[in-house]
There are 2 protein chains.
Amino acid sequence: MDQKKITFADIAKYTNFSKTTISRYFNDPDSLTVKNQEIIAQALEDLNYQENKLAKIFANGKSEFVGIIIPNLYMHYYAEMLNQILNTYDEFGYKFLIFTSKHDVEADRKYLQELLAYRIEGMIILSHTIGSQELAACGIPIVAIEREDAYINSVNTDNYMGAVQGTSLLIKNHCDVLIHINSQVAENVPSYGRIRGFLDTCKERQIKHELILQDLGHSPQEINACMQQLFAYITHKYPNVKKGLFLSNDTHANTMLNIIFRKYGTLPDEFRLIGFDDSPVSGQAILPISTIGQQIDKIAHEAMSLLVTLMDERKKRRPKPQTALVHKNITPVLIRRETTD
Amino acid sequence: MDQKKITFADIAKYTNFSKTTISRYFNDPDSLTVKNQEIIAQALEDLNYQENKLAKIFANGKSEFVGIIIPNLYMHYYAEMLNQILNTYDEFGYKFLIFTSKHDVEADRKYLQELLAYRIEGMIILSHTIGSQELAACGIPIVAIEREDAYINSVNTDNYMGAVQGTSLLIKNHCDVLIHINSQVAENVPSYGRIRGFLDTCKERQIKHELILQDLGHSPQEINACMQQLFAYITHKYPNVKKGLFLSNDTHANTMLNIIFRKYGTLPDEFRLIGFDDSPVSGQAILPISTIGQQIDKIAHEAMSLLVTLMDERKKRRPKPQTALVHKNITPVLIRRETTD
């Protein structure tokens, strides 16, 4: 069943060139005339030659591999990000070696070593386990997405701006009190911007508000129990006023909406609600949920584009060391659906 | 910023072994005594040696790469399948080179060539574009998941059994008429078993039924419009009887449930409803939806396990050619939630 392996010797014999010339065709084609390049290309076709990229990498040291460590593919955000990163192959030609994090720093270090052993030229990292200072010491270009990035380059959603947009919409909807529900996010991760954006907007607009930060559970059952409790707390504390709820993601927003809808058979005017992410659940909910859409395609493209620039610099005869880290923010998009006016 | 590259010569000097001995350590370690292996391993640690797997592959031809072509990562089913395949790294050690299909046979052929150029040892294919006869001609072991598989090995959900389980539950719920809604599935793809399983069960149990096969749209808006139409058709044709709806997937089931729930403020007794896949939307719906759960973890593991057996055979001095294709079925699991009794 194996294809017959065509060797450089076979190609040399077929074309009457030397093996050295054939080798130069693969490793430094521009050192041959265009005519000779064409003769060899035709021979490869005639002989049904199967290129061996690994041999080429071995010769010139350029693997064309980019490593990725991603927390999971269960959350749509990560699955779609990986999808968009893979799609950059058509533009940039890099192939991806991918590991999903075990949320364990030792396991992730092992993955990192494996990636380095395969001579990846650069890395995109979304997993949180390994600190950015340790990553920076790997000696290859790295771009982080939505994680701590003090010592490495990054491309993130402008979380602060997203929160300002969402909070402003709830104010425009004449809500009397605004409530932001989130988990206890560390201040050094990009998504902390959602909390800052909410607080700054409420203070600037002098509107009554409450920030609820707590563990919101992981399983659907846990999330549902938390949201039930919070719903009881909110309706008890703020009766007969219009409540604007800003949830930290669409899964939480959907759970809260279901609780309200099952109780009232509709979303009453005294509740307005907005999520974050524009994940599929926001469009598939009992009422389509207003949300802040992350431009995942743009984030993925910017991350790869930045990484390619850094990797290209490394291939120059005298690469310039990177003097300042790049941190790019991509503006999110406010998506108005049926849970806001 | 580059790490200092440690060469075989450095290791030889440090250990007082020859370069040939060092090379044998990497390519055929068992040809050395255990003691000498330990000395070299210690030296690698002392010298902070960064293994070059590409060099090793180049020497022994075993890339430890498995290629994957997957239709998309937008659908949770594919994202979770990829997740589970990636997770087999810890058990089998194979790394994955992944392409998402462009749903265009020429583009997918290009990806296939790229994978072969990187000397993948085997492939798992979920994309539909390239026929199995053409794939079989690649000359490497291939395992298909949920696609046409006449000429290649495959691991699939037992779609027929899943449909029998779902249909039987609706009969047990005393539905007067059963309706299966699906798109026009080709008879040679595994999921056609859902249609056969529904029809066979209804005929055997002599229950009134209708099979609706039509284009159900792709965007949420299109799916919603189709389901609105079907809901009107069904309620008009079957008034005052208990209707058991078996939808081909959970996204469709969720859309239908939302239409019913928005109209009645609940799921009335005259409707029972079941989906397929156990995708997240089934648990996050306004009422948790009963469904047929595909054991994605088992499918991924069986596919990789079969592929590893085939790849291992290839590495033997005298590999036995595969005499008969393997087609494995994994039994799905009936998940009873709130849309059935």
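This is a predicted model: local features need pLDDT of at least 70, side-chain atom pairs count only at pLDDT 80 or more; totals for chains, interfaces and linings use all residues.
Which strands of chain A does helix α10 lie across?

The strands are β6, β7 and β8 of chain A, and helix α10, residues 193-204, runs at about 170 degrees to β6(A). Helix α12 of chain A, residues 250-264, lies across β6, β8 and β9 of that chain, at about 155 degrees to β9(A).

Let us turn to the sheet itself. In chain A, 4 strands form an open sheet in the order β7-β6-β8-β9, with parallel pairing. At its edges stand β7 (209-213) and β9 (271-274) of chain A; each has a single partner strand, so one side of each has no neighbour in the sheet. On average, neighbouring strands are turned by 15 degrees against each other, direction ignored. Strands β6 (residues 177-182) and β8 (residues 243-247) of chain A run parallel and are joined by 5 bridges. Here A:Ile179 stands opposite A:Leu245 in β8(A).

Next, chain B. An open sheet of 4 strands, paired in parallel, has the order β7-β6-β8-β9 in chain B. Its twist averages 15 degrees from one strand to the next. Strand β8 (residues 243-247) of chain B pairs with β9(B) in the parallel sense over 4 bridges, and B:Leu245 has B:Leu273 as its bridge partner in β9(B). Helix α12 of chain B, residues 250-264, packs on this sheet and touches β6 (177-182), β8 and β9 of chain B.

In soluble globular proteins, nonpolar side chains tend to be buried together. The largest nonpolar core in this model holds 90 residues, and A:Met81, A:Ile124 and B:Ile124 touch the most other members. Helix α14 of chain A, residues 296-315, gives the most to this core, with 8 residues. Apart from it lies another core, of 60 residues, including A:Leu230 and B:Leu230.

What is B:Ile124 in contact with, leaving aside its neighbours within four places in sequence? Its contacts are B:Val66, B:Ile68, B:Ile85, B:Val143, B:Ile145, B:Ala303 and B:Leu307.

Finally, is B:Asp90 buried or exposed? B:Asp90 is exposed, because 12 other C-beta atoms lie within 10 Å, and a residue counts as exposed at 12 or fewer. This residue is in helix α6 (residues 89-92) of chain B. From B:Asp90 to B:Ile142 there are 52 residues in sequence and 21 Å in space, C-alpha to C-alpha.

Conventions
Residues are numbered from 1 along each chain as its sequence is written. Chains are lettered from A and ligands numbered from 1 in the order in which they are written. A nonpolar core is a set of buried Ala, Val, Leu, Ile, Met, Phe, Trp, Tyr and Cys residues joined through C-beta atoms within 7 Å. A residue is buried if 20 or more other C-beta atoms lie within 10 Å of its own, exposed if 12 or fewer, and partly exposed in between; C-beta atoms are placed from the backbone. Helices (H or I, at least four residues) and strands (E, at least two) are DSSP runs, numbered from the N terminus. Two residues are in contact if their C-beta atoms, placed from the backbone, lie within 7 Å. Two strands pair if DSSP finds at least two bridges between them. Axes are lines fitted to C-alpha atoms, for helices over the stretch in contact, and angles run from 0 to 180 degrees between N-to-C directions.
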